Amino acid sequence: MGTLLTTPVLTDKQFEKISSLVYEICGINLHVGKKQLANSRLSKRLRILGMSAFDEYLEYLAGNPQEVIDMLDAISTNLTSFFREPQHFDHLSKVIIPRLVSERGRDAHRRLRIWSAACSSGEEPYTIAIVMKREIEDLDRWDAAVLATDINTRMLETGKRGEYEETRLKTVPPAVRQLYFDCIVPKKPRRYKVKPEIRKLVAFARLNLLEDWPMRGKFDVIFCRNTMIYFDKPTQSRLVNRYYEKLNKGGTLFIGHSESLTGIKHQFKYIKPTVYEKARAE
Ligand SMILES: C[S@@+](CC[C@H](N)C(=O)[O-])C[C@H]1O[C@@H](n2cnc3c(N)ncnc32)[C@H](O)[C@@H]1O
């Protein structure tokens with residue numbers, strides 16, 4: 001292995017190999033415009049491995065399944081925030097939860113399942129859990145859970161820890177911060193940890209959306225936001241139809257602000273932009 005003095009250059013051919021591998025494994029469509037980004041993100045892997053050229057890296061990648069995971073961790077875009085696209089959490093608070101409470105609030109077994117299907121570093125599933133806790137008075141008597149999955153192992157580790165720098169909490173209203181976060185480092189840069197009562201509602205697991213889904217039960221709500229945008233239409237179409245199957249009747253699918261189901265054949269009812277529902281009766 002050579003020592004790295006300058007940033008290695010990813011040739012078109014090498015980029016093609018990487019992008020078809022990434023597409024094959026996780027559906028992310030790295031078009032030519034992403035070459036520079038891939039070059040800089042993967043250069044970090046080469047630096048860590050003490051390699052100086054992408055040919056050497058590609059050879060290593062071919063024989064090391066763990067490096068495939070690390071490569072995907074390096075290449076994926078994980079931008080997220082608490083209460084991102086707040087209109088979805090308004091809809092959850094004002095429409096979905098009141099409806100579920102009125103339908104199931106008196107059942108002996110009150111089940112509520114929400115899936116954050118590409119949860120990144122945990123801000124989305126924790127926001128969902130906070131809304132559940134805030135809106136359902138007797139939540140302790142419900143069998144309620146948020147499943148948080150992603151392909152990126154580093155992001156999942158951050159999510160599981162539930163610790164965030166203060167700057168990441170700027171979209172959290174002060175009253176919510178006060179109620180659901182503990183300040184664990186009071187000196188600047190301050191750090192906060194999601195309170196145990198919220199953390200216990202969220203289960204993190206690695207899941208590649210393109211592979212089989214091991215969960216047996218169905219969900220009341222699925223969040224798949226700002227992820228399908230990286231997939232091509234056939235992949236989006238397969239995914240949207242699998243989400244339909246995985247939802248309970250009347251269940252809701254939230255997608256990201258720049259995504260739409262236009263051009264995809266599906267059975268969802270359009271509620272408003274980025275919000276879709278499965279029929280109540282089939
Ligand atoms: C931009 S983030 C979106 C996070 C969050 N849903 C939000 O809207 O704030 C996209 C996430 O999709 C994940 N991802 C990409 N391809 C995936 C796949 N095939 N299976 C599971 N997760 C995937 C990435 O690791 C990344 O964390």
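## A ligand in its pocket

Welcome! The ligand sits in the largest pocket (on a 1 Å grid over the protein atoms alone, a pocket is an open set with protein on both sides within 12 Å along at least five of seven lines, and a molecule sits in one if more than half of its atoms lie within 2 Å of its grid points). This is a predicted model, in which local features need pLDDT of at least 70 and side-chain atom pairs count only at pLDDT 80 or more, while totals for chains, interfaces and linings use all residues. Residues are numbered from 1 along each chain as its sequence is written, and side-chain values use heavy atoms, leaving out hydrogens and water.

**Around the ligand**

- The ligand is surrounded by 21 residues, and the closest are Thr80, Arg84, Ala118, Asp150 and Asn226 (a residue counts if one of its heavy atoms lies within 4 Å).
- This shell divides into 8 nonpolar, 9 polar and 4 charged residues (Ala, Val, Leu, Ile, Met, Phe, Trp, Tyr, Cys and Pro count as nonpolar, Asp, Glu, Lys and Arg as charged, and the others, Gly among them, as polar).

**Polar contacts** (pairs of N or O atoms within 3.5 Å)

- The side chain of Thr80 has an N or O atom 2.6 Å from an oxygen atom of the ligand.
- A nitrogen atom of the ligand lies 2.8 Å from a backbone N or O atom of Ala118.
- An N or O atom in the side chain of Asn208 is 3.0 Å from a nitrogen atom of the ligand.
- The protein buries 99% of the 610 Å² that the ligand exposes when taken alone (Shrake-Rupley method, 1.4 Å probe).

**Overall fold**

- The protein has 10 helices and 10 strands (DSSP runs: H or I of at least four residues for helices, E of at least two for strands).
- Its C-alpha trace spans about 65 × 55 × 30 Å along the principal axes.

**Backbone details**

- Phe83, in the loop between α4 (65-75) and α5 (86-104), has a positive phi of about 55 degrees although it is not a glycine.
- The peptide bond from Lys188 to Pro189 is cis, with omega near -5 degrees.

Key. A polar contact is a pair of N or O atoms within 3.5 Å; within protein, one must be able to donate a hydrogen and the other to accept it, and residues adjacent in sequence count only if both atoms are side-chain atoms. On a 1 Å grid over the protein atoms alone, a cavity is a set of points where a 1.4 Å probe fits but cannot get out, and a pocket is an open set with protein on both sides within 12 Å along at least five of seven lines; lining residues have an atom within 4 Å of a point.
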